Amino acid sequence: MAIEKTLCILKPDAVKAGNIGNIIAHIQKEGFKIQAMKLARLSDRSAGKFYEVHKERPFYGSLVEFMSSGACVPIALEKENAIAEWRRVIGATDPAEAADGTIRKLYATSKGENAVHGSDSVENGLREIAFFFTEAEIAELGL
Ligand code: CMP
């Protein structure tokens, strides 16, 4: 299977709850390579841009408000079959439906405040990684 990249975001609820370390340990235990990582704070405007595909959805306003409500940790991950693998590791969008042992089952509290993000396709993964990290930043890491 092909090596892929996906964008993970530790969302403001996970950061506020002090779960950065636990979730990074989980990521590493699952064999993902961390390619780039930072602590960031999205403005209203940049959160709106990141989630532009959901603009017409009823939860768009609350999603943008939540994602700009505090610090988050975007992480570029790499692994064989990373898109599907990361989605397996994080579990269903709604933690009530997430399988036991998944990150959302362990750390999320609701469909909106669901601890982590994962890209839904290879193409979106690359676009989302480029949203948070410049090519120069990634190149500087020598990865
Ligand atoms: P994520 O998959 O990271 O990106 C889109 C986000 O929209 C999703 O996580 C949820 O946090 C949020 N979302 C999806 N469906 C709902 C919903 N019905 N109500 C509130 N938020 C939602």
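Tutor: Here is the ligand first, then the pocket around it. The model is predicted: local features need pLDDT of at least 70, side-chain atom pairs count only at pLDDT 80 or more, and totals for chains, interfaces and linings use all residues. Residues are numbered from 1 along each chain as its sequence is written, and side-chain values use heavy atoms, with hydrogens and water left out.

Around the ligand are K11, Y51, H54, F59, L63, T93, R104, K111, G112, N114 and H117 (each has a heavy atom within 4 Å of it). By class, this shell holds 3 nonpolar, 5 polar and 3 charged residues (Ala, Val, Leu, Ile, Met, Phe, Trp, Tyr, Cys and Pro count as nonpolar, Asp, Glu, Lys and Arg as charged, the others, Gly among them, as polar).

Now the polar contacts (pairs of N or O atoms within 3.5 Å). A ligand oxygen lies 2.8 Å from a side-chain N or O atom of H117. Backbone polar atoms also take part: one of K111 is 3.1 Å from a ligand oxygen, and one of G112 is 3.3 Å from a ligand oxygen. Taken alone, the ligand exposes 450 Å², and the protein buries 78% of that (Shrake-Rupley method, 1.4 Å probe).

The ligand sits in the largest pocket (more than half of its atoms lie within 2 Å of the pocket's grid points). A pocket is an open set of points on a 1 Å grid over the protein atoms alone, where a 1.4 Å probe fits, with protein on both sides within 12 Å along at least five of seven lines; lining residues have an atom within 4 Å of a point. The volume of the largest pocket is about 690 Å³. Its lining has 28 residues, and K11, Y51, H54, T93 and H117 lie nearest its centre.

Methods: Polar contact = N/O pair within 3.5 Å; in protein donor to acceptor, adjacent residues only side chain to side chain. Points joined across faces, edges and corners; volume = space filled by probe spheres on them.
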